[in-house]
Amino acid sequence: MHILLRSFALAPILLLLLIGGTLFQPNPLCATVSEESAGGETFANYSDNPDLSLTYHSLWNETETPVYSGDRISGDRVVLTGTWSPSGTVAESWINVSATAIPMNISSQNPSSSVSIDTRGLGNNATCIITVFALLLNGSTINQTFSNVFIGNFFVPHVRVLSPNGGEHWTGANNVTWFGWDNNTDESLTYEVLLSSDSGTSFQLLATHLSSTSYQWDCTGFLNLSTYMFEVRVTDGIYVSFDRSDGTFTAGSIPITTTTTTTTTTTTANTTTTTIDNSLIVGFFISAAMISSAIMALIVYYVAKRWY
């Protein structure tokens, strides 16, 4: 009887323990939560968090291509897209792209499990850190980071001089023409026109900030030379390239005058006068007279001897 009473007395306690064990048993849909603070926000890491897929496409290739840390991606308007799955657990997504070398930071937010961003907003090519966040329906926030991803949206523009391109003979006004292009389809290009009169050794600027692909040059008033050459520079606001005439051409209305310099050389002749002492002259004549007298005496002697 006492045992029975004790059993009835313990029954409520056992029932409470059973109910409590059922109520406080971990829900298999909710994994253990570990919270960490980053930038003032609390990020929860659940073992059953949604998975993230980061992809990109561009005007060159609209097929979504996966992105991983260390990748180099390029194209005309590279658009990154982060997609969380399953989507039913995500209330909001946002993506942040940071390029510290420029420096520039861009971000985008979307109230769904997917978010996209046009990275042309960086304003230049750069190696970036990409972070994609998700706000889950249970109120927690998760994120995933992709580091050292090079994103290239901008490309060096090109230009080609069409005329003059070498060998022309211009007088008066003529059009300098060229062709410019860029791998970015909606790029705005500007040009500078420079002229060389010494076969490309040096150039002078004739025009700048041109949006057209021609420039009228009047060579009247320029020296008539056969060593003229044009250079056209193009820029998209970031990169610059140029092209020159393939050869020199002739232009100008002012003839080149040649100055002849005559050099006169004066030669001075130096005359040397030798002065002979008069006494020597007198002595010479005296000696000559004596010698002549001696000779005459000998002649007379031989003639007289022969005759007498």
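Trainee: In this predicted model, is Trp-217 buried or exposed?

Mentor: Trp-217 is buried, since its relative accessible area is 3%, and a residue counts as buried under 20%. Phe-230 is buried as well, with a value of 0%.

Trainee: How many aromatic pairs does the structure hold, and what describes such a pair?

Mentor: Two aromatic rings are described by the distance of their centres and the angle of their planes. The structure holds 12 aromatic pairs. In one of them, the ring centres of Trp-217 and Phe-230 lie 5.3 Å apart and the planes meet at 80 degrees, so this pair is edge-to-face. Trp-217 belongs to strand β16 (residues 214-218) and Phe-230 to strand β17 (residues 225-235), so the pair ties together parts that are 13 residues apart in sequence.

Trainee: Which kind of pair do Tyr-228 and Phe-249 form?

Mentor: Tyr-228 and Phe-249 form a tilted pair, with 6.0 Å from centre to centre and 35 degrees between the planes. Tyr-228 is in strand β17 and Phe-249 in strand β19 (residues 249-251), so parts 21 residues apart in sequence are tied together. Tyr-228 is buried at 2% relative accessibility, and Phe-249 is buried at 1%.

Trainee: Which residues form one aromatic cluster?

Mentor: The cluster consists of Trp-170, Trp-217, Phe-222, Tyr-228, Phe-230 and Phe-249.

Note on methods: Residues numbered from 1 in each chain as written. Predicted model: local features only at pLDDT ≥ 70, side-chain atom pairs only at ≥ 80, totals over all residues. Heavy atoms only, no water. Phe/Tyr/Trp six-rings, centres within 6.5 Å; stacked < 30°, edge-to-face > 60°. Helix = DSSP H or I, 4+ residues; strand = E, 2+ residues; numbered from the N terminus. Buried < 20%, exposed > 50% of the residue type's maximum accessible area, 1.4 Å probe, protein only.
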